[in-house]
Amino acid sequence: MNSVQKDFADAILTVDLQALRDNWRLLAKRAGGAECGAAVKGDAYGLGITPVASALWQAGCQSFFVARPKEGEELRAIVPDAVIYVLDGLLAGQAEFYARHRLIPALIGLVETREWAASGRKLPCAIHVDTGMNRLGFSITEFFALLDDRATLDNLNVALVMSHLACAEERSHPLNVQQRDTFAEIRRMLPGVRGSLANSSGIFLGTDYHHNLVRPGIALYGGNPLLGAPNPMRAVVHLEAPIMQSREVKQRESVGYGATWKARRLSRIAVLGVGYRDGIPRTYSSKFPDGPAQVFLGGRRCPVIGRVSMDLMAIDITDLQPGSVERGMTAEIFGDHISIDDAAIWARTNSYELLTRLGSRYARRYSGVESEPS
(Lines give C-alpha, C1' and ligand atoms only; values in the text may rest on other atoms or scores of the structure.)
Protein backbone atom coordinates (compact mmCIF):
# COMPACT_ATOMS: atom_id res chain seq x y z
CA MET A 1 0.00 0.00 0.00
CA ASN A 2 1.47 3.38 -0.94
CA SER A 3 2.05 6.20 1.54
CA VAL A 4 -0.99 8.22 0.47
CA GLN A 5 -3.27 5.22 1.05
CA LYS A 6 -1.62 4.51 4.38
CA ASP A 7 -2.01 8.08 5.58
CA PHE A 8 -5.70 8.12 4.83
CA ALA A 9 -6.58 4.49 5.55
CA ASP A 10 -9.18 3.66 8.14
CA ALA A 11 -9.72 0.01 8.94
CA ILE A 12 -7.41 -2.45 7.16
CA LEU A 13 -8.59 -5.69 5.58
CA THR A 14 -5.76 -8.12 4.84
CA VAL A 15 -6.33 -11.27 2.79
CA ASP A 16 -3.62 -13.89 3.23
CA LEU A 17 -3.39 -15.61 -0.14
CA GLN A 18 -0.82 -18.11 1.10
CA ALA A 19 -3.25 -19.23 3.80
CA LEU A 20 -5.93 -19.49 1.09
CA ARG A 21 -3.70 -21.74 -1.03
CA ASP A 22 -2.81 -23.83 2.02
CA ASN A 23 -6.50 -24.27 2.84
CA TRP A 24 -7.28 -25.40 -0.70
CA ARG A 25 -4.43 -27.92 -0.59
CA LEU A 26 -5.60 -29.28 2.76
CA LEU A 27 -9.13 -29.73 1.40
CA ALA A 28 -7.80 -31.32 -1.80
CA LYS A 29 -5.89 -33.82 0.33
CA ARG A 30 -9.00 -34.59 2.41
CA ALA A 31 -10.96 -35.15 -0.80
CA GLY A 32 -8.70 -38.09 -1.66
CA GLY A 33 -9.13 -39.08 -5.29
CA ALA A 34 -11.83 -36.50 -5.97
CA GLU A 35 -10.99 -33.26 -7.75
CA CYS A 36 -11.14 -30.20 -5.48
CA GLY A 37 -12.83 -27.15 -6.98
CA ALA A 38 -13.61 -23.81 -5.36
CA ALA A 39 -16.72 -21.70 -4.81
CA VAL A 40 -15.81 -18.10 -5.64
CA LYS A 41 -19.29 -16.64 -5.95
CA GLY A 42 -20.09 -13.23 -4.51
CA ASP A 43 -16.71 -11.72 -5.48
CA ALA A 44 -14.98 -14.64 -3.76
CA TYR A 45 -17.12 -14.20 -0.64
CA GLY A 46 -16.36 -10.49 -0.69
CA LEU A 47 -12.58 -10.89 -0.72
CA GLY A 48 -11.88 -10.00 -4.36
CA ILE A 49 -12.32 -12.38 -7.27
CA THR A 50 -9.13 -11.44 -9.13
CA PRO A 51 -6.54 -12.10 -6.40
CA VAL A 52 -8.47 -15.04 -4.93
CA ALA A 53 -9.10 -16.89 -8.19
CA SER A 54 -5.53 -16.27 -9.33
CA ALA A 55 -4.16 -17.69 -6.08
CA LEU A 56 -6.39 -20.75 -6.26
CA TRP A 57 -5.40 -21.40 -9.87
CA GLN A 58 -1.73 -21.18 -8.84
CA ALA A 59 -2.43 -23.72 -6.09
CA GLY A 60 -3.80 -26.16 -8.66
CA CYS A 61 -7.54 -25.52 -8.66
CA GLN A 62 -9.08 -25.97 -12.12
CA SER A 63 -12.85 -25.97 -11.49
CA PHE A 64 -14.67 -22.93 -10.12
CA PHE A 65 -18.25 -22.28 -9.08
CA VAL A 66 -20.00 -18.92 -9.35
CA ALA A 67 -23.62 -17.98 -8.77
CA ARG A 68 -24.40 -15.69 -11.71
CA PRO A 69 -23.30 -15.62 -15.35
CA LYS A 70 -21.80 -12.12 -15.07
CA GLU A 71 -19.56 -13.48 -12.31
CA GLY A 72 -18.55 -16.19 -14.74
CA GLU A 73 -17.69 -13.67 -17.42
CA GLU A 74 -15.43 -11.81 -14.99
CA LEU A 75 -13.81 -15.03 -13.81
CA ARG A 76 -13.16 -16.22 -17.38
CA ALA A 77 -10.92 -13.19 -17.95
CA ILE A 78 -8.90 -14.09 -14.84
CA VAL A 79 -8.52 -17.85 -15.40
CA PRO A 80 -9.01 -18.39 -19.15
CA ASP A 81 -8.46 -22.15 -19.03
CA ALA A 82 -10.61 -22.96 -15.98
CA VAL A 83 -13.83 -24.95 -15.90
CA ILE A 84 -16.54 -22.57 -14.67
CA TYR A 85 -19.95 -23.70 -13.40
CA VAL A 86 -22.85 -21.29 -12.85
CA LEU A 87 -24.83 -22.52 -9.85
CA ASP A 88 -27.95 -20.44 -10.42
CA GLY A 89 -28.67 -22.26 -13.65
CA LEU A 90 -29.43 -20.85 -17.10
CA LEU A 91 -30.99 -17.40 -17.10
CA ALA A 92 -33.83 -17.16 -19.62
CA GLY A 93 -32.68 -16.17 -23.09
CA GLN A 94 -28.99 -16.09 -22.12
CA ALA A 95 -27.71 -19.36 -23.58
CA GLU A 96 -25.52 -17.52 -26.09
CA PHE A 97 -23.87 -15.53 -23.29
CA TYR A 98 -22.96 -18.77 -21.48
CA ALA A 99 -21.66 -20.30 -24.70
CA ARG A 100 -19.55 -17.25 -25.56
CA HIS A 101 -17.78 -17.30 -22.20
CA ARG A 102 -17.63 -21.10 -21.95
CA LEU A 103 -19.77 -21.17 -18.82
CA ILE A 104 -21.39 -24.43 -17.73
CA PRO A 105 -24.90 -23.92 -16.31
CA ALA A 106 -26.01 -26.12 -13.43
CA LEU A 107 -29.45 -26.72 -14.91
CA ILE A 108 -32.22 -26.73 -12.31
CA GLY A 109 -35.38 -27.67 -14.21
CA LEU A 110 -36.88 -29.03 -17.42
CA VAL A 111 -37.73 -25.66 -18.98
CA GLU A 112 -34.20 -24.32 -18.93
CA THR A 113 -32.74 -27.74 -19.78
CA ARG A 114 -34.82 -27.80 -22.95
CA GLU A 115 -33.71 -24.26 -23.72
CA TRP A 116 -30.04 -25.29 -23.35
CA ALA A 117 -30.60 -28.38 -25.52
CA ALA A 118 -32.40 -26.38 -28.19
CA SER A 119 -29.19 -24.93 -29.61
CA GLY A 120 -28.18 -28.41 -30.79
CA ARG A 121 -24.51 -27.66 -30.04
CA LYS A 122 -24.28 -30.12 -27.13
CA LEU A 123 -22.27 -27.75 -24.97
CA PRO A 124 -21.39 -29.05 -21.50
CA CYS A 125 -23.94 -28.65 -18.72
CA ALA A 126 -24.47 -29.85 -15.17
CA ILE A 127 -27.72 -31.28 -13.83
CA HIS A 128 -28.57 -30.14 -10.30
CA VAL A 129 -31.01 -32.47 -8.54
CA ASP A 130 -32.50 -31.47 -5.20
CA THR A 131 -32.08 -34.28 -2.67
CA GLY A 132 -33.58 -32.67 0.41
CA MET A 133 -32.67 -29.00 0.63
CA ASN A 134 -35.72 -27.78 -1.31
CA ARG A 135 -33.94 -24.83 -2.82
CA LEU A 136 -32.69 -24.90 -6.42
CA GLY A 137 -32.62 -28.07 -8.48
CA PHE A 138 -34.72 -30.67 -10.24
CA SER A 139 -37.23 -32.33 -7.99
CA ILE A 140 -36.96 -36.11 -8.07
CA THR A 141 -40.20 -36.27 -10.06
CA GLU A 142 -38.92 -33.76 -12.61
CA PHE A 143 -35.59 -35.57 -12.84
CA PHE A 144 -37.43 -38.78 -13.81
CA ALA A 145 -39.31 -36.76 -16.41
CA LEU A 146 -35.98 -35.61 -17.84
CA LEU A 147 -34.77 -39.21 -18.05
CA ASP A 148 -37.90 -40.05 -20.05
CA ASP A 149 -37.41 -37.07 -22.39
CA ARG A 150 -35.05 -38.65 -24.90
CA ALA A 151 -35.33 -35.76 -27.35
CA THR A 152 -33.86 -33.42 -24.73
CA LEU A 153 -31.31 -35.86 -23.30
CA ASP A 154 -29.94 -36.70 -26.72
CA ASN A 155 -29.09 -33.03 -27.23
CA LEU A 156 -27.31 -32.61 -23.91
CA ASN A 157 -23.66 -33.03 -22.98
CA VAL A 158 -24.04 -33.71 -19.27
CA ALA A 159 -20.62 -33.13 -17.73
CA LEU A 160 -21.71 -33.28 -14.09
CA VAL A 161 -24.62 -34.26 -11.88
CA MET A 162 -24.72 -32.47 -8.56
CA SER A 163 -26.71 -31.84 -5.41
CA HIS A 164 -26.21 -29.69 -2.32
CA LEU A 165 -26.06 -30.81 1.31
CA ALA A 166 -28.33 -28.94 3.70
CA CYS A 167 -26.86 -29.93 7.08
CA ALA A 168 -23.30 -31.07 6.43
CA GLU A 169 -21.84 -29.05 9.29
CA GLU A 170 -23.92 -31.21 11.71
CA ARG A 171 -22.21 -34.56 11.22
CA SER A 172 -24.94 -36.61 12.91
CA HIS A 173 -27.89 -34.94 11.19
CA PRO A 174 -30.06 -37.67 9.60
CA LEU A 175 -30.58 -35.62 6.44
CA ASN A 176 -26.91 -36.14 5.52
CA VAL A 177 -27.34 -39.90 5.12
CA GLN A 178 -30.67 -39.42 3.36
CA GLN A 179 -29.12 -37.06 0.82
CA ARG A 180 -26.06 -39.26 0.41
CA ASP A 181 -28.18 -42.29 -0.44
CA THR A 182 -30.55 -40.38 -2.72
CA PHE A 183 -27.65 -38.88 -4.65
CA ALA A 184 -26.03 -42.30 -5.05
CA GLU A 185 -29.29 -43.53 -6.64
CA ILE A 186 -29.39 -40.52 -8.96
CA ARG A 187 -25.84 -41.15 -10.11
CA ARG A 188 -26.73 -44.73 -11.02
CA MET A 189 -29.33 -43.36 -13.42
CA LEU A 190 -26.69 -41.32 -15.25
CA PRO A 191 -23.86 -43.84 -15.64
CA GLY A 192 -20.52 -42.40 -16.62
CA VAL A 193 -21.40 -38.85 -15.55
CA ARG A 194 -19.20 -37.24 -12.91
CA GLY A 195 -20.83 -36.42 -9.57
CA SER A 196 -20.49 -33.61 -7.03
CA LEU A 197 -22.17 -33.48 -3.62
CA ALA A 198 -19.75 -32.24 -0.95
CA ASN A 199 -19.38 -28.62 0.09
CA SER A 200 -16.81 -27.53 2.71
CA SER A 201 -18.32 -29.51 5.58
CA GLY A 202 -19.31 -32.37 3.31
CA ILE A 203 -15.65 -33.05 2.55
CA PHE A 204 -15.21 -34.04 6.21
CA LEU A 205 -18.19 -36.44 6.20
CA GLY A 206 -16.16 -39.11 4.45
CA THR A 207 -15.48 -40.67 1.08
CA ASP A 208 -19.15 -41.58 0.47
CA TYR A 209 -19.76 -37.87 -0.02
CA HIS A 210 -16.74 -37.05 -2.21
CA HIS A 211 -17.70 -38.58 -5.58
CA ASN A 212 -15.64 -36.99 -8.41
CA LEU A 213 -15.60 -33.31 -7.51
CA VAL A 214 -15.88 -31.44 -4.21
CA ARG A 215 -16.66 -27.73 -4.11
CA PRO A 216 -15.54 -26.04 -0.88
CA GLY A 217 -16.46 -22.45 -0.14
CA ILE A 218 -16.28 -20.98 3.36
CA ALA A 219 -13.50 -23.34 4.51
CA LEU A 220 -11.22 -21.91 1.82
CA TYR A 221 -11.59 -18.50 3.44
CA GLY A 222 -10.90 -19.71 6.97
CA GLY A 223 -14.39 -20.60 8.21
CA ASN A 224 -14.65 -23.69 10.38
CA PRO A 225 -16.28 -26.59 8.50
CA LEU A 226 -16.50 -28.68 11.70
CA LEU A 227 -19.25 -27.55 14.06
CA GLY A 228 -18.10 -27.79 17.68
CA ALA A 229 -14.60 -28.99 16.80
CA PRO A 230 -11.24 -27.22 16.36
CA ASN A 231 -10.92 -25.41 13.06
CA PRO A 232 -8.47 -27.19 10.73
CA MET A 233 -8.30 -24.20 8.38
CA ARG A 234 -5.87 -21.29 8.49
CA ALA A 235 -7.18 -17.76 9.03
CA VAL A 236 -7.32 -15.98 5.67
CA VAL A 237 -9.07 -12.73 6.53
CA HIS A 238 -7.59 -10.24 8.99
CA LEU A 239 -9.56 -7.12 9.89
CA GLU A 240 -7.95 -4.37 11.95
CA ALA A 241 -9.46 -1.05 13.00
CA PRO A 242 -7.54 2.05 14.09
CA ILE A 243 -7.89 3.62 17.50
CA MET A 244 -9.26 7.11 16.94
CA GLN A 245 -9.24 8.20 20.56
CA SER A 246 -9.04 6.86 24.10
CA ARG A 247 -10.70 8.43 27.11
CA GLU A 248 -11.63 7.98 30.74
CA VAL A 249 -15.21 7.24 31.72
CA LYS A 250 -16.37 7.75 35.27
CA GLN A 251 -18.36 5.17 37.20
CA ARG A 252 -22.04 5.16 36.12
CA GLU A 253 -21.34 7.23 32.99
CA SER A 254 -22.64 5.77 29.73
CA VAL A 255 -21.10 5.13 26.32
CA GLY A 256 -22.74 5.42 22.91
CA TYR A 257 -26.23 5.97 21.52
CA GLY A 258 -29.09 5.19 23.84
CA ALA A 259 -26.78 5.08 26.88
CA THR A 260 -27.12 1.29 26.84
CA TRP A 261 -23.77 0.63 28.55
CA LYS A 262 -22.80 2.17 31.89
CA ALA A 263 -19.41 1.91 33.56
CA ARG A 264 -19.39 -0.12 36.78
CA ARG A 265 -16.07 1.45 37.75
CA LEU A 266 -13.73 4.20 36.66
CA SER A 267 -12.96 2.95 33.14
CA ARG A 268 -10.83 3.62 30.13
CA ILE A 269 -12.30 3.14 26.66
CA ALA A 270 -10.96 3.32 23.13
CA VAL A 271 -13.02 4.33 20.10
CA LEU A 272 -12.29 2.35 16.92
CA GLY A 273 -12.77 3.65 13.39
CA VAL A 274 -15.11 0.93 12.15
CA GLY A 275 -18.89 0.56 12.21
CA TYR A 276 -21.90 -0.87 10.44
CA ARG A 277 -21.08 1.04 7.24
CA ASP A 278 -18.00 -1.16 7.16
CA GLY A 279 -19.99 -4.37 7.59
CA ILE A 280 -19.67 -4.74 11.35
CA PRO A 281 -23.30 -5.49 12.24
CA ARG A 282 -25.13 -3.35 14.76
CA THR A 283 -25.84 -6.62 16.55
CA TYR A 284 -22.22 -6.43 17.76
CA SER A 285 -23.55 -3.81 20.17
CA SER A 286 -23.62 -4.73 23.84
CA LYS A 287 -25.29 -3.35 26.94
CA PHE A 288 -23.45 -5.89 29.07
CA PRO A 289 -20.31 -4.89 30.99
CA ASP A 290 -18.19 -7.70 29.54
CA GLY A 291 -19.26 -8.01 25.96
CA PRO A 292 -19.97 -10.57 24.58
CA ALA A 293 -18.34 -9.24 21.38
CA GLN A 294 -14.60 -8.67 21.74
CA VAL A 295 -11.58 -7.41 19.84
CA PHE A 296 -7.90 -8.24 20.35
CA LEU A 297 -5.62 -5.46 21.55
CA GLY A 298 -2.51 -5.32 23.69
CA GLY A 299 -2.20 -9.08 24.00
CA ARG A 300 -5.73 -9.72 25.28
CA ARG A 301 -9.39 -9.59 24.34
CA CYS A 302 -11.24 -6.37 25.09
CA PRO A 303 -15.06 -6.22 25.16
CA VAL A 304 -17.08 -4.15 22.73
CA ILE A 305 -19.26 -1.75 24.72
CA GLY A 306 -22.29 0.34 23.85
CA ARG A 307 -23.91 0.49 20.44
CA VAL A 308 -21.99 0.10 17.21
CA SER A 309 -22.63 3.22 15.14
CA MET A 310 -22.15 3.88 11.44
CA ASP A 311 -18.43 4.63 11.56
CA LEU A 312 -17.33 3.90 15.13
CA MET A 313 -17.47 1.46 18.00
CA ALA A 314 -16.09 1.53 21.52
CA ILE A 315 -14.14 -1.04 23.51
CA ASP A 316 -13.25 -1.28 27.21
CA ILE A 317 -9.47 -1.10 27.73
CA THR A 318 -9.51 -0.65 31.53
CA ASP A 319 -7.65 -3.90 32.12
CA LEU A 320 -4.81 -3.03 29.75
CA GLN A 321 -1.64 -1.44 31.08
CA PRO A 322 -2.17 2.34 31.47
CA GLY A 323 -0.47 4.22 28.65
CA SER A 324 -0.22 1.11 26.46
CA VAL A 325 -2.96 2.20 24.03
CA GLU A 326 -2.25 5.11 21.72
CA ARG A 327 -4.04 6.84 18.88
CA GLY A 328 -3.16 5.20 15.56
CA MET A 329 -2.69 1.70 16.95
CA THR A 330 -4.94 -0.99 15.54
CA ALA A 331 -7.18 -3.57 17.18
CA GLU A 332 -7.96 -6.94 15.59
CA ILE A 333 -11.66 -7.41 14.85
CA PHE A 334 -10.96 -10.91 13.54
CA GLY A 335 -7.88 -12.73 12.31
CA ASP A 336 -5.31 -14.82 14.17
CA HIS A 337 -6.68 -14.15 17.67
CA ILE A 338 -10.41 -13.67 17.01
CA SER A 339 -11.83 -16.25 14.61
CA ILE A 340 -14.29 -15.27 11.89
CA ASP A 341 -16.67 -17.84 13.38
CA ASP A 342 -16.53 -16.31 16.88
CA ALA A 343 -17.10 -12.87 15.38
CA ALA A 344 -20.10 -14.20 13.46
CA ILE A 345 -21.63 -15.73 16.60
CA TRP A 346 -21.32 -12.39 18.40
CA ALA A 347 -22.97 -10.72 15.41
CA ARG A 348 -25.79 -13.32 15.56
CA THR A 349 -25.10 -14.47 12.01
CA ASN A 350 -22.69 -16.83 10.26
CA SER A 351 -19.23 -16.39 8.79
CA TYR A 352 -20.64 -16.37 5.23
CA GLU A 353 -22.73 -13.28 5.88
CA LEU A 354 -20.05 -11.52 7.89
CA LEU A 355 -17.50 -11.88 5.09
CA THR A 356 -19.82 -10.91 2.26
CA ARG A 357 -21.05 -7.83 4.13
CA LEU A 358 -17.61 -6.30 4.51
CA GLY A 359 -17.76 -2.76 3.19
CA SER A 360 -15.80 -0.86 0.57
CA ARG A 361 -13.98 1.64 2.82
CA TYR A 362 -11.23 -0.67 3.97
CA ALA A 363 -7.65 -0.34 2.84
CA ARG A 364 -7.36 -3.79 1.27
CA ARG A 365 -4.06 -5.62 1.37
CA TYR A 366 -3.14 -8.99 -0.13
CA SER A 367 -0.27 -10.88 1.41
CA GLY A 368 1.30 -14.08 0.11
CA VAL A 369 1.07 -13.00 -3.53
CA GLU A 370 2.94 -15.36 -5.85
CA SER A 371 4.50 -14.20 -9.09
CA GLU A 372 3.31 -15.82 -12.27
CA PRO A 373 5.79 -18.45 -13.50
CA SER A 374 8.12 -17.15 -16.21
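The buried residues of α5 pack against α4 (49-59), β4 (63-66), β5 (83-86), α6 (95-100) and β6 (103-107), contact being heavy atoms within 4.5 Å. Helices (H or I, at least four residues) and strands (E, at least two) are DSSP runs, numbered from the N terminus. The model is predicted: local features need pLDDT of at least 70, side-chain atom pairs count only at pLDDT 80 or more, and totals for chains, interfaces and linings use all residues. Residues are numbered from 1 along each chain as its sequence is written, and side-chain values use heavy atoms, with hydrogens and water left out.

In α5 (residues 69-78), P69, G72, L75, R76 and I78 are buried (under 20% relative accessible area; exposed is over 50%, partly exposed in between; 1.4 Å probe, protein chains only). Viewed down the axis of α5, the buried residues fall within an arc of 155°, so they line one face of the helix; the arc is that of the directions from the helix axis to the C-beta atoms. K70 and A77, on the other side of α5, are exposed.

Helices α8 (residues 140-148) and α10 (residues 174-189) pack at an angle of about 10°, their axes 12 Å apart. I140, F143, F144 and L147 of α8 make the contact with T182, I186 and M189 of α10.

N155 is in the loop between α9 (150-153) and β8 (157-162) and, at 30% relative accessibility, counts as partly exposed. Beyond its neighbours within four places in sequence, N155 is in contact with A117, G120 and K122.

How values were computed: Axes fitted to C-alpha atoms, helices over the stretch in contact; angles between N-to-C directions.
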